[in-house]
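Load the model in your viewer and keep the selection panel open. The stops below say what to pick next and what sits there.

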Amino acid sequence: MSNNLNFTEDQGEYLQEICNVGMGQAGESLSVLFEQYVTLSVPSIEMITAANATESLRRLIPAEKISAVRQGFYTHVTDPNFCGESITIFSGTSFEELAQLIDFEEELTLELEQELLLEISNIINGACLSGIAEQLSERFFHTPPSIIGQYIAVENLLQTDQLQWDHALSIKIKYSVEKQSFECDFLLLMPDFAVKYLQNVLNKLLDEL
Amino acid sequence: MTNKFPYADDVVDCIDNGVFVIDKSFKIHLWNDFMSIHSRFSAEQIIGLNLFECFPELPKKWFERKVKSIYLLKNQSYTSWEQRPYIFKFSHGRSVTGGVEHMYQNCCFTPIFDLDNNVECVCVTIKNVTDLAIKAKQLKDAVTQLEYISSIDGLTQIFNRTHWEQRFKTEVERVKRYKNKVSLIMFDMDNFKKINDKYGHLGGDEVLRKTAERCVNLFRSVDVIGRYGGEEFCVFLPETNIENTRNVAEKLRHAIADTPVHYESKEIFISASIGFTCSNKEKNNYEALLKEADEALYTAKKNGRNQCVNFLDIAPED
């Protein structure tokens with residue numbers, strides 16, 4: 001199973017290129033929206049296994065306590081259905097800073113703090129995925145965001161005893177905003193069958209080059 | 001497009017969710033039946049008007065920010081009842097069964113594109129999730145109540161041993177971390193077996209109930225009182241030194257012993273033996289403190305009951 005999921009050198013380079021361009025676009029639109037310069041790290045792409053999911057997450061997200069929001073995405077009418085989930089992870093940023101980012105002026109209650117997490121995650125998710133979708137000439141649909149947990153340990157991100165995949169592709173991007181200490185990590189995760197579909201799309205695009 | 005279903009507009013009216021469309025200047029372009037029914041604005045009345053002029057109570061800045069991000073990122077945006085119970089304060093359709101003040105709503109803002117793939121307008125859908133919200137609230141209330149019930153001693157209505165110990169453990173951890181102090185009082189009713197024998201178990205129960213009540217009246221709200229077992233009680237006092245603890249222990253002894261308990265027109269004279277200690281050493285730990293207070297309590301019993309003993313007075317010199 002793991003063997004045919006590995007990317008060829010061409011596929012890997014092309015995927016990296018697509019992500020880089022996609023993230024560049026995402027950074028631009030986020031900078032306009034937040035009215036501040038948004039920096040995105042070069043996406044780091046790797047394959048993780050269900051058996052080592054916790055260890056991999058701990059390595060990808062070194063923070064002790066995190067707040068995390070998940071959101072699903074999928075494409076229309078493709079077989080197999082291409083899908084995955086994104087997880088936006090906040091570790092050190094205060095709610096006041098998050099509120100400033102989107103001019104949120106209401107007094108922060110527990111509910112409004114959660115709304116902030118959901119709102120900013122949805123914005124980041126939308127910007128990133130539309131960047132990648134455009135490069136892949138696909139259209140992604142999204143599910144509404146939901147909170148996985150606030151102040152939880154990284155180990156509690158996934159219910160590792162209930163995973164329905166063996167391998168998943170992980171794309172990690174780090175976000176930071178120029179003037180603030182705002183930082184968050186964005187993880188894009190795709191299960192086995194979605195990776196196969198992605199490889200087919202990559203092959204087609206490579207053929208067209 | 002040529003074979004467009006002729007009744008597509010009627011379908012929008014059939015949808016059991018609110019559907020409306022606004023543009024960048026918040027002019028309304030579509031308003032389905034669900035919106036008409038709940039808002040008292042018909043489509044004829046409202047189309048072409050500005051959303052905020054029709055609904056001045058809407059959070060304008062919030063709305064503008066939401067729509068701005070949709071135009072810019074070409075991305076859907078959402079609200080959930082859990083964080084924002086509603087956008088439009090509609091009635092809930094539970095006029096008889098009641099229980100809520102308004103319709104709970106999940107909303108979705110979706111961009112609609114022109115032929116050049118620019119955002120032309122925004123479609124907002126409003127889902128009525130009142131029943132879901134009520135169920136979730138009932139569940140939450142039930143959990144809160146269960147948590148309360150599982151922490152309380154039924155007879156005395158103060159904390160039971162399991163819950164009290166949990167709280168005390170947490171407090172001792174906090175004390176260790178921040179180098180604070182905590183005092184502990186343990187006391188046991190004197191000759192309780194005799195009271196039970198003389199007045200029956202119901203008489204004994206009344207003694208325990210009254211003792212708990214006197215504790216609740218005497219201690220501060222930050223002090224945590226529990227029933228440790230049978231006729232034994234425990235109280236921990238955050239941020240309290242041994243001198244203040246000595247004073248409060250003496251007050252407690254008086255509060256218990258000075259007034260008899262009335263039971264079936266009889267007066268039951270009661271007293272308690274009290275042991276106390278304070279976290280004043282380098283190595284504070286929860287079990288050691290309990291053991292110290294218990295040892296002091298045992299000394300109070302041995303020395304003739306109805307008295308307070310400070311563990312630090314009987315502790316062997318280091």
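This is a predicted model: local features need pLDDT of at least 70, side-chain atom pairs count only at pLDDT 80 or more; totals for chains, interfaces and linings use all residues.

## Stop 1

## Stop 2

Show both chains. How much area is buried between chain A and chain B? The figure is about 1,700 Å², and carbon and sulfur atoms give 48% of that. Pick out Leu33(A), Glu115(A) and Glu119(A): they supply 28% of the area that chain A buries against chain B, more than any other three residues. Now colour the residues in contact. Chain A brings 25 residues and chain B brings 15 residues.

## Stop 3

Over all chains the count is 26 salt bridges. Glu105(A) sits in the loop between α4 (95–101) and α5 of chain A, while Lys61(B) belongs to helix α5 (residues 60–73) of chain B.

Next, centre on Glu115(A). This residue forms a salt bridge with Arg84(B), and the closest N and O atoms are 2.9 Å apart. Polar contacts across the interface of chain A and chain B number 10 residue pairs, both residues at pLDDT 80 or more.

Which elements give two or more residues to the side of chain A that touches chain B? They are α2 (9–34) and α5 (110–136) of chain A. Of the elements, α5(A) gives the most, with 11 residues. By class, this side of chain A has 10 nonpolar, 8 polar and 7 charged residues.

## Stop 2: along α2 of chain A

Select α2(A) and check its length. At 1.5 Å a residue, its 26 residues should span 38 Å, and the end C-alpha atoms are 37 Å apart, so the two agree. Finish at Glu35(A), which follows α2(A) and has a positive phi, near 55°.

Notes. Residues are numbered from 1 along each chain as its sequence is written. Chains are lettered from A and ligands numbered from 1 in the order in which they are written. Side-chain values use heavy atoms; hydrogens and water are left out. Contact means heavy atoms within 4.5 Å. Buried area is the accessible area (1.4 Å probe) that two parts lose on being put together, summed over both. A salt bridge is a side-chain nitrogen of Lys or Arg within 4 Å of a carboxyl oxygen of Asp or Glu. A polar contact is a pair of N or O atoms within 3.5 Å; within protein, one must be able to donate a hydrogen and the other to accept it, and residues adjacent in sequence count only if both atoms are side-chain atoms. Helices (H or I, at least four residues) and strands (E, at least two) are DSSP runs, numbered from the N terminus. Ala, Val, Leu, Ile, Met, Phe, Trp, Tyr, Cys and Pro count as nonpolar, Asp, Glu, Lys and Arg as charged, and the others, Gly among them, as polar. The expected span of a helix is 1.5 Å times one less than its number of residues.
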